[in-house]
Structures are given as structure tokens and as C-alpha cells.
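Here's a quick briefing for anyone opening this model for the first time. Have a look at the structure, then read on.

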Amino acid sequence: MTHLHLRSKRLPGPRPRPSLGRALAAVTVLVASLGLGALTPAEAAEPTPASGAHRTWSDKPHGFASLDGGTTGGAGGKVVTVTDQASLAQYAAAEEPYVIRVSGAIEVAPFGSDIVVASHKTIIGVGDTGEIVHGELHLNPGTSNVIIRNLTIRDSYVEGDWDGKTTDFDAIQMDSVDHVWIDHNRFEHMGDGLLDVRKDSRYITVSYNQFKNHNKAFGIGWTTNVQTEITIDHNWFSGTKQRNPSADNCAYAHLYNNYLSAQVADGDPVWTYGNWSRGRTKMVIENSYYDGVQHPYQADVTAELVERGSILRNTTGRQDEWGAAFDPKDFYDYRLDPAAAVPALVTHFSGPQKRLGTNTVLNVPAEYPTVQAAVDAVPDGNDGTVTIRIAPGTYRAKVLIPATKPKLVLQGTGRDRSDTVIVFDTPAAYGGSNGSATVRILASDVTARHLTFSNDFDEAAHELNGEQALAVKTTGDRIVFEDTAFLGNQDTLMTDSPKLDVISRVYIRDSYIEGDVDFIYGRATTVIERSVIKALSRGSATNNGYITAASTWKDNPYGFLITRSRVISDAPAGTFHLGRPWHPGGEPNAIAQVLFRDTELPAAVKSSPWTDMSGFSWKDARFAEYRTYGPGAGVTADRPQLPAADADTYTVAEYLAGTDGWAPHAGRR
């Protein structure tokens, strides 16, 4: 079966007017990012996603943690959400990889206890709610490949022990580990250090964290060997006294775009300081910002320290610079922000973020070999969006998204939707519509974009009782397809619901659907907007097929709306039907509703485009056109037209709203 489907060429629509508010917000952010002094940390307003002012963060680490094979954490493992200490401890210490989402505050007992984190783990807070209170994350020697993101770890401080001499209650401690990424966390008010990277730990990146209200913030070393390679960027040290950080015997320590402010001022002439290059450390500091800091950066005579581009305000004491250290660009690429922009950037974007942790990203095939493997990794009852990013390629396998796994996004990552294809070749003879579907979506709140779904069963080469071959079948509610292609012949796309009197909704936009017989069918309320529908010729001079076969429940006013779209065909003129009424199993309460609105029709469409099916008359169905145009359009007695007075009742918004006001089309043109 040869498919000549169109690549991603979206139908034109009205050009949106530029938003003055967005333009001004973009200018404001640009000024701030250029470090022109227009905004101080206190003056800069919290940016919103709508303004384009927020930063997008990669789920892959940068800096030294990206080298020597990289750091992937729990990628490839199951995703779990934990709300209590026992579950966190169980999954964190497990041998197999896990992506562990921490939702809400977990209070650890006994006070100051360790949660042991084994290799191949990602521990990430859900939004800005994930907290570990009165406890430590501990990485034992030999641990490898760990990501800790978007958490608050706080309040293991022992009253009266400001120097942390009676306990070792760190926020995170690691000994002799490798490939660890510590990102977007807040560490505050602990019993000893906030973050201790110890004993020859290697390939570490510490980025966008907040170290607050503490004596010993961040120590590196406790070794005579010179092995640790560490990147430290965009962190905020505020209300701390020492170790901001202290780096002892690091082979390479790269510090850039960090913000040190409001240092504890207790008059200590030695042990109140900013960055310290100790032992035989080679340290490079770039474009950082020091405000109210004693000894902003210093180095032992045995160490090396190169500083460039930083800004110092209200500082006193040592500013040591000697030796050549190293060039970080010999190891990895990175982008420096201007030092003047650092206070605004770091105060806004460090620490836990609402936009992190809520959307879990699973990559196929880099982390999960198949799309189904990624779906299987999603927990039942999933409570946060999971995006399955699918690399370009052809994936010859079926995919089932169970009803227990809502809130999934299937995202092709190629330049075109045809670059990423999910395909199989099963006909209905082997299991009916469920068995034949290449992709079956039972869950609600699923979105697919930038993909091609295909069933390439070759009906011309087989004689079977049941040659229907679905590319996609849906039964869930609130399903969205954007920039997708559906390829098949008979029964290409079925949008259904769990049972007749249950209403499910599907929105398809900027997409392509092809087939010949009943290739858009089912009982779900379905809107197809700004899309191309190709009616394939079967070689007949009289009847080449039917575009729709709706089975809408009689009490549901909305079945299929095909609007602002274009129907094309390679079939001869006057040989294709717009649709016929499907009554599954003779069900009398399935009364089809289909409206073609503001859509171009080709010459292949019959002058009497609706027809009967299985003894049920099309005239008893709810078929209509409204302002169709093109060589296949017309107004005759056999072509019911929607009255102009009813046009406002049969819109995209009315079809999709339901009882919850669902509006996936909102904001689109």
C-alpha cells in the first residue's frame, strides 16, 4: 500500500496580531539579560511563561557531569511518585533505575537520618512542593549516575551547634561517587554542611541551587588525591558564612555565574569567606557577582585561581588570582551570562521551580528502547504530565496506552511529522478493531504531536474476512492530535468512547488523514480543524468509499465536525461519499451526527454525498454541510445544510466544551 501523504504543511489561517504586552516583556527580559542595570533583584518581576521570559532547562546535565558517558540518573527505569519516607527510602536504595517524584513534604525520622541513594536514580520534586525535612540524602562510595533536582532539603539544625560539631546532618553527602547532577534545589538550616562532595568524587555538576541561612554551605574534598572535576554555576549563596564553596584538591573546579549575597557578618576575619581554592585545586571563576562578601575569592599558595568578568560590591579582604588553572572550553561548551544580570537571573531561576518535576520527560530510544517501554514506565494513576519524546525513525510495533495512564504526551522530535513513524500491519481479521489498531489510546488527557501513525496492512494482497486496519483507536476523553498523520485504508482512525452513552472528545488540528472506506469513524465527539483529508481511490468508476461513519449517541448533539479543512482525492469525479450512518450491532440509539463546515470538497465527492448503511437510512442521521466550497460542494435536496441561525451552536468551542469547559483550541488561529 503506497501512501502519498502530505508532509507538515498547515493550512493558512488569519495572521495573529503581535501582543504589545509580550513585546514589552521580551524587551524587559532582554535588557535584564544584557546586564544594562535596568533591573535589580528586588525590582525584577517574576516572569511568566506567557511572556517568553522564563528559561527552559534541559533534562540533561551540562558541565563535567555531561562528560565520560554523561549522567542520566534513573532514565530507562519506572517513574514513581512518593509521599512518605518509607517509599522514598525503598525506591532510592533499589538496585534498578527509578525516576522518583517527591510530592509534598516528607518528614524524616529519626531526626537527621540518612536516605541512602543508590546508582541510577533521579530524585525530583514535583513542582516546588517536594521537600525532605529533618533528613539527608546520602550517596555511599561507588554510587554512580544520580540526578537530584527541584527539592527543598531543610531543618536538621541542632540548636546551639552553629559550627556543626556534634552531628553530621548534611542535606546531601556523597563519598567517592561519580556522575552526579545537583540542580535547582534549596538547602537550608541543616546540622553540618548543606552539600558535601567528598573523597575523590568525579564528574559533578552543581547548578541553579540555593544555599541559605547556614554556616558551612558547600564543601568539596576531604582527600589528598587530586581527581574531582566539578562545575558550579548559577547558584545563590545567601545568609551563609563559609564554604561557598571551599574546594580542596580538585583537579578542575569551574565556577561561573554564581551569586553570593548577604553573607553572615559575625566579624570572623578568617572563616567567613566566599570561594576558596585549597590544596592543589585548579579553579576558574567567571562572571559571578559578589555583594557584601568578605574574602570573595582566595587561593592557597599551592593552588591556582583564575578569575575573569566578575562584579564585586561592598566586598573586603582577599581577591587572590595566580596560576593558569585550566580552560573549561577544553572540556565542554557553555554559555556565560553577563555578570550584571546574575543577581536577577539567579534569584528568579535558582531553587525549586513550579515548571520542573511536573512534566516528566522520557526519551525513546535513548532511554527506553520502544514507545511501549516508555508507556509501561509511567505509573498507574499518573498525576503529572509525562512527555515521551520519540526520536526520528520508524517504530514497527503496536502501542497501547491503558486507561490507568493519563496525562501522556507523545512528541515526535524530527523536523517533520513524517520523520517519526509508528506503524504495524494487523487487519481486523486478527482481533477486530482493538486487535488491528497500531496505536490504541484508552487513557484520557493524551496528546500526540509531530508524528505519523500508520497501519500498512496491504489489503490488495490479501483476501480476508475483516480487512479493516486501524492506525489509531481512541476511547479516552480530551485527546489531542496536532501535526499528525494517520495512514491506512479502511477504518484508518476510530475515535470512540468506553460505551455508547459516555461522551469522549477528540481534537485534531493541522493534521493529515487518509483512507477509503469509513476511515474516520466512531462515536466520540471529534473536531478536525485546519487539516487535510485524502479520500483514496479503490479503482472504482462508481463508488470508491466513505469518509465518515459516525455512531454518535442519540442524546449527544455533537459527533464529527470537520471545519476549515480540505478534502482531496485521487478518485474519479462523483465516486466518494461524505459518510454513512453506523449503528454498531444494529444499535438504534447510535444516531450519527456529522457536519462539514467551511471546508473545501473535491470533484470526487458525489452530488448525493450521504448514503445508507446496513439497512439504516442516512436521512434519519444528523448529516449537514455549512459553507462548503470547491468542485465537490453544492446545495441540493440530498445535501442538508446547517441553518445560518444554528451556526453559533455548531462551533469548535461548542463541540469540545462538554461539562468541564475543555478548550484545547483556545489561543490557536
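The largest pocket holds about 770 Å³ of space. A pocket here is an open set of points on a 1 Å grid over the protein atoms alone, where a 1.4 Å probe fits, with protein on both sides within 12 Å along at least five of seven lines; lining residues have an atom within 4 Å of a point. Grid points are joined across faces, edges and corners, and the volume is the space filled by probe spheres set on them.

This is a predicted model, where local features need pLDDT of at least 70, side-chain atom pairs count only at pLDDT 80 or more, and totals for chains, interfaces and linings use all residues. Residues are numbered from 1 along each chain as its sequence is written, and side-chain values use heavy atoms, leaving out hydrogens and water.

**Around the pocket**
- The lining is made up of 32 residues, and Ser58, Asp59, Lys60, Arg149 and Val361 lie nearest the centre.
- Strand 5 (121–125), strand 8 (144–149), strand 27 (360–364) and strand 28 (386–390) each give the lining at least two residues; strands are DSSP runs of E, at least two residues, and helices are runs of H or I, at least four, numbered from the N terminus.
- Strand 27 supplies the largest share, four residues.

**Cores**
- The largest nonpolar core has 59 residues, and Leu362, Ile388, Ile401, Phe453, Phe481, Ile547 and Phe596 touch the most other members.
- Apart from it lies another core, of 53 residues, including Val82 and Tyr290.
- Such a core is a set of buried Ala, Val, Leu, Ile, Met, Phe, Trp, Tyr and Cys residues joined through side-chain atoms within 4.5 Å; buried means under 20% relative accessible area, exposed over 50%, partly exposed in between (1.4 Å probe, protein chains only).

- Ala109 and Pro110 are joined by a cis peptide bond, with omega about -5°, and Pro110 sits in the loop between strand 3 (105–107) and strand 4 (113–116).
- Val364 to Pro365 is also a cis bond, omega near 0°; Pro365 is in the loop between strand 27 and helix 4 (371–377).
- Asp155 isn't glycine, yet its phi is positive, near 65°; at 24% relative accessibility, Asp155 is partly exposed.

**Confidence**
- The protein chain averages a pLDDT (the predictor's confidence in each residue, from 0 to 100) of 91, and 91% of the residues score at least 70.
- Residues 14–53 have a pLDDT below 50.
- Where pLDDT is low, the predicted coordinates should not be read in detail.

Key. Contact = heavy atoms within 4.5 Å.
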